[in-house]
Amino acid sequence: MSSPSLVSESVTNGQRKRFSSGSPDCPHLHKKICRQTDMMESQKLANFSVAPNGVNKSSVLGKKQGAEKKVLAIKNFKVHNQPAVDHIAESWRFLREAVVAIQESRKLRDNLTQEDLYRYVDNLITQRPPALLYADLRDLTEQHIKSRLNQFLSATSDRLTFLRQLNDCWTHHCHQMKMVCNIFLALDRGYVLQNAQVSSIWDMGLELFRKHILEEVVVENRCVDGLLMMIEKERSGETIDRSLVKSLLRMLSSLQVYHKVFENKFLVATEQLYLREGQRLTQDRDVPQYLLHVDKRLTEENNRVLHYLDMSTKRQLIYCVEKQLLSEHKSLLLQKGLDSLLDQNRRHDLSLLYNLFSRIKGGLEDLCTQFNAYIKSYECFSSSDKFVLALKEAFEHFINQRLNKPAELIAKFVDSKLRAGNKEATEDELERLLDKIMVLFRFIHGKDVFEAFYKKDLAKRLLVGKSASVDAEKSMLSKLKQECGPGFTSKLEGMFKDMELSKDIMLAFKQNSHVSSTPMELNVNILTMGYWPNYPVMEVNMPPEMVNYQQIFTKFYLAKHCNRKLQWQPTLGHCVLKAAFPHGPKELQVSLFQALVLLLFNKADVLSLAEISSGTNIEDGELRRTLQSLACGKARVLQKSPRSKDVHDEDKFHYNKEFTNQLFRIRINQIQMKETSEEQQQTEERVFQDRQYQIDAAIVRIMKMRKVLPHNLLITELFNQLKFPVKPADLKKRIESLIDRDYMERDKDNPNTYNYVA
């Protein structure tokens with residue numbers, strides 16, 4: 001592969017500096033406009049008397065006799081009278097008076113508006129350093145907050161009254177600071193934002209409130225103790241003012257002291273409460289009542305988080321409840337109540353027990369152990385066939401609650417154990433595991449679903465060379481044959497026969513004289529179409545060397561086997577490519593599709609998605625998966641730009657000249673073993689289609705024997721003959737389909753009876 005020349009393009013984003021202009025109502029700016037207006041006054045009056053069309057308005061008006069002569073004049077725009085602020089001290093006096101009025105909840109002077117105050121702030125910023133104005137405002141705010149502290153130090157009221165006073169002080173403080181922030185907006189924008197070390201006016205107000213009010217030991221303790229008292233009352237069943245608690249907890253969060261002064265004490269109080277409660281109720285109540293109480297407590301604590309507690313407290317709070325009410329008593333609860341719940345078949349309580357124990361560490365393991373002991377205690381019934389049969393029927397009902405899914409999952413589990421690279425078990429351990437799997441297999445319905453998924457996975461293991469052991473594969477096959485009969489495994493056995501015959505054919509082919517001249521090795525598997533899963537026919541563009549090799553093999557095979565047709569299937573083909581990277585040569589074990597993509601980069605260093613698609617002719621979805629494995633996986637022999645996990649239409653792919661790996665042979669074709677959602681859907685549809693054929697065949701077979709049969713008896717016969725779960729509605733649809741195709745007909749006298757049509 002050639003080394004690519006990378007072209008990088010950088011775009012510099014120009015940044016335009018913004019400037020904030022002064023207010024249009026600024027006094028000095030207005031004076032400048034007024035002077036310009038006075039200088040042009042006479043010109044404006046003279047020019048306005050002439051209309052745009054050149055007609056003199058005064059002469060037109062004068063034509064009327066006795067009419068009073070009117071003169072139209074333009075006067076300067078009237079502006080509001082501004083207070084005469086000539087000195088800095090007088091400007092601050094107006095602002096100080098306004099701030100004090102806000103703090104004391106008084107009205108401003110009648111001739112002083114908020115716009116006037118805003119202009120005073122703007123003037124002070126331009127006439128002296130803004131830091132001085134900020135310091136004056138801070139001192140004024142601090143003085144007011146200090147004056148509010150005495151009411152809390154001298155108060156002898158109860159906790160609830162104290163909390164309400166503190167909440168009123170907090171809400172008034174927030175309201176006042178909002179108004180002050182509006183007045184001093186220019187100071188916030190012009191000074192605070194340009195100095196990172198200076199707090200905003202709002203944050204300054206919070207800092208002073210925290211420092212002089214809440215950090216006072218008396219205030220802090222009475223506040224936290226009052227909140228804990230109210231929460232304890234609510235836990236005991238009393239109604240409290242939740243809005244008050246929520247407001248005060250939001251205050252603690254806003255002042256950034258929630259975790260420091262409240263949360264730790266709250267969690268300690270919660271732990272002590274539920275410790276005492278758990279010890280008391282496990283003795284006083286039976287297990288079902290106790291479980292309901294625990295579930296109620298968990299719901300209540302979740303609601304507290306939603307209504308007034310901080311969300312960061314939720315995890316520790318719920319853990320505390322689960323620990324004190326469940327974890328500390330799980331052994332006692334299981335010994336005291338599980339057997340009785342099972343004996344009485346109390347499903348709702350058992351479900352609640354399972355859900356609660358799934359929340360705690362080791363809960364399900366202990367529950368499983370206790371349940372196992374309960375089952376073993378009934379071994380005395382093992383000599384009775386009725387009890388053994390009842391146990392099997394119960395387990396069969398349980399495992400088939402989800403239609404078709406258990407069969408699919410068991411097939412996938414077997415695939416994971418028989419696939420190469422499974423180092424979890426020795427051959428003997430694997431054999432014992434397969435025996436246990438067969439025990440489960442006996443209980444599942446819909447064994448055709450298992451066969452479909454097992455067949456698909458077995459084909460991948462054989463064709464891609466990912467089978468861990470041929471002996472283990474044949475052992476599993478013999479177990480399935482013994483369990484389900486030779487008809488169930490005939491196609492699976494045919495797959496193994498094809499693989500063995502392919503080895504003999506390739507041995508004879510390599511001894512052919514025409515093969516020695518080819519520069520590559522080829523291995524072909526000849527598959528009988530009826531044995532293997534159906535693969536989509538796909539014509540891809542392959543290099544001339546591969547095409548030539550295919551033609552040589554086709555001539556060789558057809559010369560030995562007349563009247564046969566070969567159809568090449570590239571879907572599960574795989575290759576070994578020798579790659580020359582700047583950091584050393586490598587061997588890449590890739591799929592055929594991956595090989596076709598990589599070979600294109602021998603002629604170009606950079607290719608787009610459209611160019612790769614036209615060069616390989618691989619189906620779009622499969623091509624995107626292939627490129628994703630080459631450019632976004634662990635071994636990135638290609639680079640994609642722009643970088644992302646998904647492949648888009650505008651992406652470009654580059655040869656990765658910096659590729660390195662510790663291994664000499666690198667596997668990149670794991671993508672072939674992964675099951676896509678399309679493959680799973682196709683397998684399910686194939687099972688559904690096969691079931692329809694089986695239902696049709698069963699209906700025709702029954703009707704051919706009986707000739708005439710009522711509907712209910714036909715349905716009963718079908719349930720007895722079919723080996724997979726089916727609904728009556730599905731059977732009715734197949735009956736209607738056969739009637740439409742003239743295999744059977746309804747009786748003219750009785751519509752619920754069917755007649756066979758010979």
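Helix axes are lines fitted to C-alpha atoms over the stretch in contact, and the angles between their N-to-C directions run from 0 to 180 degrees. The model discussed here is predicted. Within it, helices H13 and H15 cross at roughly 110 degrees, and a search of the whole structure finds 36 salt bridges.

**Packing of H13 and H15**

- Helix H13 spans residues 287-307 and helix H15 spans residues 330-343, and their axes come within 9 Å of each other.
- Because angles of 65 to 115 degrees count as roughly perpendicular, H13 is assigned as roughly perpendicular to H15.
- On the H13 side, the contact is made by Val287, Pro288 and Tyr290.
- On the H15 side, Leu333, Lys336, Gly337 and Leu341 make the contact.
- By residue class, this contact between H13 and H15 comprises five nonpolar residues, one polar residue and one charged residue.

**Salt bridge Asp136–Arg128**

- Asp136 pairs with Arg128 in a salt bridge whose closest N and O atoms are 2.9 Å apart.
- Asp136 is partly exposed, at a relative accessible area of 25%, whereas Arg128 is buried, at 17%.

**Salt bridge Arg624–Asp620**

- A salt bridge links Arg624 to Asp620, with 2.9 Å between the closest N and O atoms.
- Both Arg624 and Asp620 belong to helix H27 (residues 620-631), where they are four residues apart, about one turn of the helix.
- Arg624 is partly exposed, with a relative accessibility of 22%, and Asp620 is also partly exposed, with a relative accessible area of 41%.

**Salt bridge Arg734–Asp696**

- Arg734 forms a salt bridge with Asp696, and the closest N and O atoms of this pair are 2.9 Å apart.
- Arg734 is buried, with a relative accessible area of 15%.
- Asp696 is likewise buried, with a relative accessible area of 9%.

Conventions
Residues numbered from 1 in each chain as written. Predicted model: local features only at pLDDT ≥ 70, side-chain atom pairs only at ≥ 80, totals over all residues. Heavy atoms only, no water. Helix = DSSP H or I, 4+ residues; strand = E, 2+ residues; numbered from the N terminus. Parallel < 35°, antiparallel > 145°, perpendicular 65-115°, else oblique. Contact = heavy atoms within 4.5 Å. Nonpolar A, V, L, I, M, F, W, Y, C, P; charged D, E, K, R; others polar. Salt bridge = Lys/Arg side-chain N within 4 Å of Asp/Glu carboxyl O. Buried < 20%, exposed > 50% of the residue type's maximum accessible area, 1.4 Å probe, protein only.
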